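Dear colleague,

Please find below the structure that I am handing over to you. A short account of the findings comes after it.

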Amino acid sequence: MTIKHYRERHEIIATMLHTIIDSGTSGTSRTPLMYRSFLSYAQLKGYLPILLVKGLIEEYPPRKEMEMDEESKKDPIHRLNYTITDKGRRVLQIYDEINKIIEPAESKIHSL
């Protein structure tokens with residue numbers, strides 16, 4: 001029997017931060033962040049402001065105005081990219097360390 005695992009809030013945030021780091025120095029936009037983090041649009045809209053207010057990520061325009069397509073020029077919200085901050089990196093490092101300590105114990109419990 002397979003047990004379905006619903007992600008906790010901290011797991012979703014960690015996944016988002018990992019996705020942003022994996023995207024490189026140029027950051028990532030909303031759509032790739034949503035798909036690579038396995039989020040719905042509603043979840044993305046809920047979590048992005050939290051990460052921004054807490055200072056874990058930053059948003060900025062992705063490229064020069066003249067390089068944008070017409071769709072991006074019309075809607076300023078779609079022009080934003082997201083990068084991780086030093087604080088976000090630290091939070092992710094702590095999360096990963098805790099996860100390494102806890103994970104082996106969880107796998108032993110489930111195998112009983």
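This is a predicted model: local features need pLDDT of at least 70, side-chain atom pairs count only at pLDDT 80 or more; totals for chains, interfaces and linings use all residues.

Residues are numbered from 1 along each chain as its sequence is written, and side-chain values use heavy atoms, with hydrogens and water left out.

Helix H1 spans residues 9-22 and helix H3 residues 41-53 (helices are DSSP runs of H or I with at least four residues, strands runs of E with at least two, numbered from the N terminus). Their axes come within 11 Å and cross at roughly 80° (axes are lines fitted to C-alpha atoms over the stretch in contact, with angles from 0 to 180 degrees between N-to-C directions). H1 and H3 are therefore roughly perpendicular (65 to 115 degrees). On the H1 side, Arg9, Ile12, Ile13 and Met16 meet Gln43, Leu44, Tyr47, Leu48, Ile50 and Leu51 of H3.

Thr28 belongs to strand E1, residues 28-29, and counts as buried because its relative accessibility is 4% (buried means under 20% relative accessible area, with a 1.4 Å probe and protein chains only). Beyond neighbours within four places in sequence, its contacts (heavy atoms within 4.5 Å) include Ile20, Leu33 and Tyr82.

Thr83 sits in strand E3, residues 81-84, and is likewise buried, at 14% relative accessibility. Leaving aside neighbours within four places in sequence, Thr83 touches residues including Ile20, Leu56 and Tyr60.

Yours sincerely

Terms used:
Buried means under 20% relative accessible area, exposed over 50%, partly exposed in between (1.4 Å probe, protein chains only). Angles under 35 degrees count as roughly parallel, over 145 as roughly antiparallel, 65 to 115 as roughly perpendicular and the rest as oblique.
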